Amino acid sequence: MKFELPKLSYDLDDLSPIISRQTLEFHHGKHHQAYVNNLNNLIKGTKFENADLETIIKEADGGIFNNGAQVWNHTFYFETFSKNPKAEPTGKLAEAIERDFESFAKFKETFAQAAATIFGSGWAWLVKNASGELEIIKESNAGNPLRNGLTPILTCDVWEHAYYLDYQNRRPDYLDSFWKLVDWDIVEKRY
Ligand code: MN
């Protein structure tokens, strides 16, 4: 299976100034593209040559896992944003957030705290577990919750390449701004 870089559903200037055109040009156009290219090269002649991404994430190791998971993670991350996002969840996801985190405000605080304290590169995730409960987890490097049987609902990329051009070392400022781009209409569909 040859993988391709998914197109963004918004223009490169649409997320500015929270995520600038320059960041998207590098993050989507260079980094995400590189993971796609690396994956296509690495799977040639292996048992993963015709596998889908979910299978690669669950079963592969080393470079094939790293690049496959990074392709999936970035697609999921970029899909979360829109130019005119719905600012808060409603319906069943809103109820589950209140049930498991007390309030939407408390959820955002806990998620941002998790994202801020990932040492080095990684991803903060909101996931649904097998019992239907929501959890916040931290993953290093290319980590992806599918590998542990969890359902991803929301993620935030805290690799420096996600924010360094716009926020330099100020990861907490990037995390504060992140919420302004999250489209809960999209996130709700994953729950
Ligand atoms: Mn990234």
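Close-up 1. Donors to a metal are here the N, O and S atoms within 2.8 Å of it, and since water is not among the atoms, a site may look incomplete. In this predicted model, the donors of the manganese ion follow the spacing H-x46-H-x82-D-x3-H along the chain. The residues that coordinate the manganese ion are His27 through NE2, His74 through NE2, Asp157 through OD and His161 through NE2, at 2.0 to 2.1 Å. His74 belongs to helix H3 (residues 62-79), whereas His161 sits in the loop between strand S3 (151-157) and helix H6 (164-167), so this pair ties together parts that are 87 residues apart in sequence. His74 is buried, its relative accessible area being 0%, and His161 also counts as buried, at 18% relative accessibility.

**Close-up 2. The packing of helices H1 and H3.** Helix H1 (residues 21-43) packs against H3 at an angle of about 145°, and the axes of the two helices are 9 Å apart. The crossing of H1 and H3 is left-handed. On the H1 side the contact is made by Leu24, His27, His28, His32, Tyr35, Val36, Asn38, Leu39, Leu42 and Ile43, and on the H3 side by Gly63, Ile64, Asn67, Gly68, Gln70, Val71, His74, Thr75, Tyr77 and Phe78. Two of the residues in this contact, His27 and His74, are also among the residues that coordinate the manganese ion.

Close-up 3. Asn67 has its place in helix H3 and, at 10% relative accessibility, counts as buried. When residues up to four places away in sequence are not counted, Asn67 touches Tyr35, Asn38, Leu39 and Leu42.

Close-up 4. With rings paired when their centres lie within 6.5 Å, the count in the model comes to 19 aromatic pairs. One of them joins Phe104 and Trp184 in an edge-to-face arrangement, with 5.3 Å from centre to centre and 85° between the planes. Phe104 lies in helix H5 (residues 104-116) and Trp184 in helix H8 (residues 184-188), so the pair ties together parts that are 80 residues apart in sequence. Phe104 counts as buried at 13% relative accessibility, and Trp184 is buried with a relative accessible area of 0%. Trp184 also forms an edge-to-face aromatic pair with Phe107, for which the distance is 6.1 Å centre to centre and the angle between the planes is 80°. Because Phe107 lies in helix H5 and Trp184 in helix H8, this pair ties together parts that are 77 residues apart in sequence. Phe107, like Trp184, is buried.

**Close-up 5. The packing of helices H5 and H7.** Helix H5 and helix H7 (residues 171-178) pack at an angle of about 145°, with their axes 10 Å apart. The crossing of H5 and H7 is right-handed. The residues of H5 that make the contact are Phe111, Ala112, Ala115 and Ala116, and those of H7 are Arg171, Leu175 and Phe178.

**Close-up 6. Arginine side chains over phenylalanine rings.** The charged end of Arg147 sits over the ring of Phe65, at 4.5 Å from the centre of that ring.

Close-up 7. The peptide bond that runs from Ser16 to Pro17 is cis, with omega near 5°, and Pro17 lies in the segment before H1. Glu102, which is found in the loop between helix H4 (91-101) and H5, has a phi near 80°, a positive value in a residue other than glycine. At 66% relative accessibility, Glu102 counts as exposed. Gln168, whose place is in the loop between H6 and H7, likewise has a positive phi in a residue other than glycine, with a value near 50°. Gln168 is partly exposed, with a relative accessible area of 33%.

Notes:
Residues are numbered from 1 along each chain as its sequence is written. This is a predicted model: local features need pLDDT of at least 70, side-chain atom pairs count only at pLDDT 80 or more; totals for chains, interfaces and linings use all residues. Side-chain values use heavy atoms; hydrogens and water are left out. Rings of Phe, Tyr and Trp (its six-membered ring) pair if their centres lie within 6.5 Å; planes under 30 degrees apart count as stacked, over 60 as edge-to-face and the rest as tilted. Helices (H or I, at least four residues) and strands (E, at least two) are DSSP runs, numbered from the N terminus. Buried means under 20% relative accessible area, exposed over 50%, partly exposed in between (1.4 Å probe, protein chains only). A charge sits over a ring if NZ of Lys or CZ of Arg is within 6 Å of the ring centre and within 35 degrees of the ring normal. Donors are N, O and S atoms within 2.8 Å of the metal (3.2 Å for Na, K and Ca); water is not among the atoms, so sites may look incomplete. Axes are lines fitted to C-alpha atoms, for helices over the stretch in contact, and angles run from 0 to 180 degrees between N-to-C directions. A crossing is left-handed if the near helix is turned anticlockwise from the far one by less than a right angle, and right-handed if clockwise. Contact means heavy atoms within 4.5 Å.
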